[in-house]
Amino acid sequence: MTNRVFDYLSASKHARHLAGLDLGHGRKAAIWYNDDDQMRYDAPKGHAFSYYLAGGEGSLRVDGPTQRGWPGALCVFPEGHSSEWKLTEPFRFVHLYVPDDHLRASFAQTHDRDARLLDVPERTFDAPQTLSRPLQALAEATAKGDILAADVCFAELVAALPERPIHLKGGLAPKVLRRVDDWIEAHLDQDIRLEDLAALADLSEFHFHRMFRASRGVPPHRWVMLLRIARAKELLRHSPIADVAAACGFSHQSHLNRAFKAAMGLTPGQYKAALRNAA
C-alpha cells in the first residue's frame, strides 16, 4: 500500500529518484527530480520535510489557494495531511522522511520536553532558515552518502522544531521523566527492566508504560535503545567495538551490530571508519 510521500513519488512515472540515504529508525533522505506531473499525497504516513534545490516555479499546489514554488522553498507534509500538486516545469528537491513516533521521541530527547508538545504545522513554500539550512545540508550529505553529516542535519532540524502551547493531561511529570532518564543513564551497561523504571515513578508497570509512551512518544524499551545508541556513538570515537557493546548494555558485539545498523543505517565498524575519514 502506498501511504508514505516516498511511496507516492516512487509510483510516479515522471519522478526520478536521484539519490537516497538510509538514516535508520525508519528515517530516509532522498533527492528527487520531477517534471510534467500531477501528485496527490493522500493522508501520508509519517512526516516529510521538503526543500527545493533547483527550479520550482512550475510547482503549484492546487488544493486551495494556488501557490507556486521557487528555489529554496520549504514544504512540510505532516502525517495524515493530504495535498495535491501540479508540476509543469522541471525541478529538483530533497526530502526527509521521519516516522511520527521517532520524530516525537527525538524532540523529547533534544528539548527535554514532553513529546506531545511537538508542533509540526503544514508548510507550503515557506522559507524559515532554521529548517531550510539543515535540509540544504542534508541534500549535500545525501549526494555524498555521508551518514555522519546527515545525522548532524537531522539533529539540527529537530532542534529547530517548535512546540505548541497546549495543556497536557496524563503522562509523567518532568521531574519523574528526568529521574527515569538519570537512572537509565546510570545503568545503561546493565539489563534494564520495566519493573525497575515503574518503581521510580511509583506506578504499576502497565500504567508506567502507558504514561511514559504518552510523554516520550515511544515505549520505554525504544527509549532505552535510543539512549544506548547515543552512548555507543560517543564511545565509538575512541573505544573498541567490544568494549562499547559491554558499556552500552548489549549482550555481545553482534547484538550491538544489529541494533546499531537498524538505528544508524550502518554497522559500528562502518561508523568508526566514517569517523576516521571525517577527522
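C248 is buried (under 20% relative accessible area, with exposed over 50% and partly exposed in between, for a 1.4 Å probe and protein chains only), because its relative accessible area is 0%. The model is predicted, so local features need pLDDT of at least 70 and side-chain atom pairs count only at pLDDT 80 or more, while totals for chains, interfaces and linings use all residues. Residues are numbered from 1 along each chain as its sequence is written, and side-chain values use heavy atoms, with hydrogens and water left out.

**Cysteines**
- There are zero disulfides in the structure, a disulfide being a pair of cysteine sulfur atoms within 2.5 Å.
- C75 takes part in no disulfide, and the nearest cysteine sulfur to it, that of C153, lies 19 Å away.
- C75 is buried, as its relative accessible area is 0%.

**Helix α5 against helix α8**
- Helix α5 spans residues 174-186 and helix α8 spans residues 220-235; helices here are DSSP runs (H or I, at least four residues), numbered from the N terminus.
- The two pack at an angle of about 50°, and their axes are 11 Å apart; axes are lines fitted to C-alpha atoms over the stretch in contact, and angles run from 0 to 180 degrees between N-to-C directions.
- α5 and α8 are therefore oblique to each other (under 35 degrees is roughly parallel, over 145 roughly antiparallel, 65 to 115 roughly perpendicular, and the rest oblique).
- The crossing of α5 and α8 is right-handed, that is, the near helix is turned clockwise from the far one by less than a right angle.
- From α5, D181, I184 and E185 meet W223, V224, L227 and R231 of α8, where contact means heavy atoms within 4.5 Å.
- By class, the contact of α5 with α8 has four nonpolar, no polar and three charged residues (Ala, Val, Leu, Ile, Met, Phe, Trp, Tyr, Cys and Pro are nonpolar, Asp, Glu, Lys and Arg charged, and the others, Gly among them, polar).

**Helix α8 against helix α10**
- The axes of α8 and helix α10 (residues 253-264) come within 10 Å and cross at roughly 95°.
- On the α8 side the contact involves M225, I229, A232 and K233, and on the α10 side L256, A259, F260, A263 and M264.
- Eight nonpolar residues, no polar ones and one charged residue make up the contact of α8 with α10.

**E140**
- E140 lies in helix α3, which covers residues 129-144.
- E140 is partly exposed, given its relative accessible area of 48%.
- E140 and A150 are ten residues apart in sequence and 8.6 Å apart in space, C-alpha to C-alpha.
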